[in-house]
Amino acid sequence: MEAAELWVGFVGAGRMAGGLVRGLLQAGKVPASNVLASAPSDKNLDAWRELGCRTTHCNLEVVHRSTLVFLATKPHVLPGVLEEIRPAVGSHHIVVSLVAGVTIQTLQRLLPPWTKVLRIMPNLPCVVQAGAMVFSRGTNAGDEEAALLQSLLSSCGLCEEVPESYIDIHTGLSGSGVAYVYLFAEALAEGAVKMGMPGALASRIAAQTLLGAAKMLLETGEHPAKLRGDVCTPGGTTIYALHQLEKGALRATVMDAVEAATNRACDMAKD
C-alpha cells in the first residue's frame, strides 16, 4: 500500500503514540493529512495539530476514517474503548495495540472475530526515532499486515517480529531498560564530577560514550564481551575499573533487574 493511500488512526494521543507518528512523518511513510488522532481533551492533541495531523474527540471517527488503527490508550481504559469501537471495525481494518499488559487473545475476544490484530511494544526512544520495538500478530494478521507494520515502524528504530511471549521480556530488557541506561549514564557522569569535571560536560561525554558503544555493537555485530576485551590492555585503566564493577556484581544486578521487570509485566497481563 502506498503512503498516500494509507489512512492511519490513533485512538489515544500520548507521548509514545506521538513519537511513532513523528517517525512516520519524518520518513515520509504517510502524509500528515492522512493521520487522525483522538483523545478526550485537547491536552495532547495540540502537538498533533502542529505536525499537520487531523484530530478529533471521537474514537469512532478514527475507526471510520482509517484503515490502520493504533490503540494507544491506558490499559484500564482500553476495554471500554474496544466496546465503543467494535461495531465500526470491519474486515479491511488493521488494528495495532500499543497497550501494555493486554494480550492478543484479549484483543481478539473484544473485537469482531475477523479483525486483523497485531500487538507492538515500543520504548521511549521511539520519540527520537531511535527506539527498539517488537511486534506479534494475531490469528487473522498475515504476512502482508506484518510487512506493512514493520516497514512503517522501522522509521522509528529497530523493529522485530517475535512470538508474543517475548513481549514481556522486551519490556524488561528495553522498555524498562532505558531507565537502567539512564541510571548508568548518571553514575558515569557523577564519577567524573567526583574527579573534578564540570557536570554538564561530564553528562554530554557520558551520553556520547553510550551512543558510541551502542553503535559499535549494532554495526560490528560483535559480542559485547569481544568489544569489552578490545578496550582492555594488560595492567591498564579499564581492567582496574572492570574489577571494581565485578566486585559490585553489576552484571548479576542488571540481570536481576531485567528479570524483575519481566515478571512484573507478566503479572500486569494477568491483572
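This is a predicted model: local features need pLDDT of at least 70, side-chain atom pairs count only at pLDDT 80 or more; totals for chains, interfaces and linings use all residues.
## Residue I120 and its surroundings

Leaving aside residues up to four places away in sequence, I120 touches L20, F70, V96, S97, L98, V134, F135, L149 and L153. I120 sits in strand β6, and because its relative accessibility is 0%, below the 20% limit, this residue counts as buried. One of the residues that I120 touches, L153, is 33 residues away from I120 in sequence, while the two C-alpha atoms are 9.8 Å apart in space.

## The nonpolar cores

Which residues have the most contacts inside the largest nonpolar core? They are F10, V35, W48, F70 and I120, in a core that has 36 residues. A second, separate core of 19 residues includes V11, L71, V89 and V99. In soluble globular proteins, nonpolar side chains tend to be buried together.

F70, which is among the residues touched by I120, has its own list of partners: when residues up to four places away in sequence are not counted, F70 touches V8, G9, F10, V11, V96, L98, I120 and L149.

## The chain as a whole

The protein chain has 271 residues, of which 39% are buried, and its secondary structure comes to 12 helices and 8 strands. Taken along the principal axes, the C-alpha atoms fill a box of roughly 70 × 35 × 30 Å. Among the contacts with a separation of 6 or more, 64% are between residues 24 or more positions apart.

## Two annotated spans

An unreviewed UniProt entry places the feature "domain: Pyrroline-5-carboxylate reductase catalytic N-terminal" at residues 8-101. This span, residues 8-101, is 34% helix and 20% strand, and its end C-alpha atoms lie 23 Å apart.

For residues 164-266, UniProt lists "domain: Pyrroline-5-carboxylate reductase dimerisation", again from an unreviewed entry. Over residues 164-266 the chain is 84% helix and 0% strand, with the end C-alpha atoms 12 Å apart.

## Helix α7 and residue T171

In helix α7, the residues I167, D168, H170, T171, G172 and S174 are buried, and the buried residues of this helix pack against β6 (116-121), β7 (131-137), α8 and α12 (250-270). Strand β6, one of these partners, is also the strand in which I120 is found.

Not counting residues up to four places away in sequence, T171 touches M121, S176, G177 and A265.

## The second largest pocket

The second largest pocket holds about 820 Å³ of space and is lined by 33 residues, of which G14, R15, A72, T73 and K74 lie nearest its centre. By class, this lining has 18 nonpolar, 12 polar and 3 charged residues.

Which helix gives the largest share of the lining of the second largest pocket? That share, 3 residues, comes from α1. Helices α1 (15-26), α7 (165-175) and α8 (177-194) each supply at least two residues of the lining, and helix α7, whose buried residues were described above, packs through them against α8.

Conventions. Residues are numbered from 1 along each chain as its sequence is written. Side-chain values use heavy atoms; hydrogens and water are left out. On a 1 Å grid over the protein atoms alone, a cavity is a set of points where a 1.4 Å probe fits but cannot get out, and a pocket is an open set with protein on both sides within 12 Å along at least five of seven lines; lining residues have an atom within 4 Å of a point. Grid points are joined across faces, edges and corners, and a volume is the space filled by probe spheres set on the points. Helices (H or I, at least four residues) and strands (E, at least two) are DSSP runs, numbered from the N terminus. Ala, Val, Leu, Ile, Met, Phe, Trp, Tyr, Cys and Pro count as nonpolar, Asp, Glu, Lys and Arg as charged, and the others, Gly among them, as polar. Buried means under 20% relative accessible area, exposed over 50%, partly exposed in between (1.4 Å probe, protein chains only). Contact means heavy atoms within 4.5 Å. A nonpolar core is a set of buried Ala, Val, Leu, Ile, Met, Phe, Trp, Tyr and Cys residues joined through side-chain atoms within 4.5 Å. UniProt positions are given in the numbering used here, feature names are shortened, and annotations may be inferred rather than shown by experiment.
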